[in-house]
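Student: I would like to learn how to read a protein model one feature at a time. Could you take me through this one?

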Amino acid sequence: MPLLFAVAVLAAAAQTPDPRPEFEVASIRLNTAGGPIVFNGMESLGTFASVNQTLSNLVQEAYGHPSGRRNWLPFFAAAGQGVPILGGPSWFGDDRWNITAKWNAEPADGHVTMKFIETEQARMELMLQTLLEQRFQVKLHREKRDLPVYELTIAKPGKLKRTNCTVFDPENIPPVAPDYCGASREGRKGMDWTLDGNGMKMSELASTLSWLIGSRPIVDGTGFEATFDVHLRWTPGQGEVGANVPPSPDDVNESIFTVLQDQLGLKLKTGRAPVEVIVIDNAEKPTPN
């Protein structure tokens, strides 16, 4: 083989992207039993589970990290910025699906670290993209659109608490300590919801609030570069935490709008801004298996 031709072949091979990974086995069934939305994500290493989820929620899990950025925190209830999803057929946000899929996620050396779990989460998202494109015939694209947003701004300076979280090496530290920088978790106390975050950037807080409020994206307008500890407890107002009625800054009963200002000195202002969105070009119902 001539040298120049061999070099050209090797260069072409080097530019060929690796094939997108696929689940080893996957089951998709229409949920006809109803019930609550239970789970949507990596249930355990090597297992993806989705119970009573719409295709819109599945697309959000697979593609819904802005420009590929994810904010996933293993073994904690973590929220990532949801990219608005536009378009799709009439059943796209109504029909519910149960999906179970598996893949080999055993580390070669048997040592599970935070870095390994984050890598498997990224692989799982690619495998879910493959599944949705093959079984639901999903086709989509990203673009910027001017949309209504909430802007996270400073209302009362001095209320935020600088972080004292633990910085760790994700290559070596097992994912067991809840106080590492960037960890956040949401929970419930009676009728109230709670958010606890260690070493959160304001952009991360905005991302989490976008998921909790749900009606419109939240952008960071504080200008803060430092990280802060966040501890919030509130009674969800209309539209918050997945409800269908849009929220309002006029909600009472210690809504998220109220506690943000009282507890952190922050405020959500209504406005408009260019926002990255996902536009659904095609989606079809799969054949159950």
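Predicted model: local features only at pLDDT ≥ 70, side-chain atom pairs only at ≥ 80, totals over all residues.

Student: How many helices and strands does the protein chain have, and what percentage of its residues is buried?

Tutor: The protein chain has 5 helices and 12 strands, and 42% of its 289 residues are buried. The accessible surface comes to about 15,100 Å², and carbon and sulfur atoms account for 53% of that surface. If you consider the contacts between residues at least 6 apart in sequence, 76% of them join residues at least 24 apart.

Student: How should I read a sheet, and what is the strand order in the open sheet of 4 strands?

Tutor: Read the order of the strands, then the sense of each pairing. In this open sheet the order is β4-β12-β6-β10, and the pairing is mixed. The strands β4 (85-87) and β10 (218-220) stand at the edges with a single partner strand each, so one side of each is left without a neighbour in the sheet. From one strand to the next, the twist averages 40°.

Student: In which sense do β6 and β12 pair, and in which sense do β6 and β10 pair?

Tutor: Strand β6 (residues 139-154) pairs with strand β12 (residues 266-282) in the antiparallel sense, over 16 bridges, whereas β6 and β10 pair in the parallel sense over 3 bridges. For the second pairing, look at Glu 151, which stands opposite Val 219 in β10.

Student: Which helix lies across β6 and β12?

Tutor: That is helix α5 (residues 256-264), which runs at about 130° to β12.

Student: How should I read a nonpolar core, and which residues touch the most other members of the largest one?

Tutor: The general idea is that in soluble globular proteins, nonpolar side chains tend to be buried together. Here the largest nonpolar core has 30 residues, and those that touch the most other members are Phe 23, Phe 48, Leu 55, Val 59, Trp 103, Leu 132 and Phe 136. The elements that give two or more residues to this core are β1 (25-30), α2, β5 (97-102), α3 and β12, and the largest share, 6 residues, comes from α3. Apart from this core lies another, of 24 residues, among them Tyr 150, Ile 213, Ile 218 and Val 230.

Student: Is helix α2 mostly covered or mostly uncovered?

Tutor: Helix α2 (residues 55-63) is mostly covered, with 7 of its 9 residues buried, including Leu 55, Val 59 and Tyr 63. Leaving aside residues up to four places away in sequence, Leu 132 touches Leu 55, Leu 58, Val 59, Ala 62, Tyr 63, Gln 137 and Val 138.

Notes: Residues numbered from 1 in each chain as written. Heavy atoms only, no water. Pairing = 2+ DSSP bridges. Axes fitted to C-alpha atoms, helices over the stretch in contact; angles between N-to-C directions. Contact = heavy atoms within 4.5 Å. Buried < 20%, exposed > 50% of the residue type's maximum accessible area, 1.4 Å probe, protein only. Areas by Shrake-Rupley, 256 points an atom, 1.4 Å probe, with all protein chains shown as cover. Core = buried A, V, L, I, M, F, W, Y, C linked by side-chain atoms within 4.5 Å.
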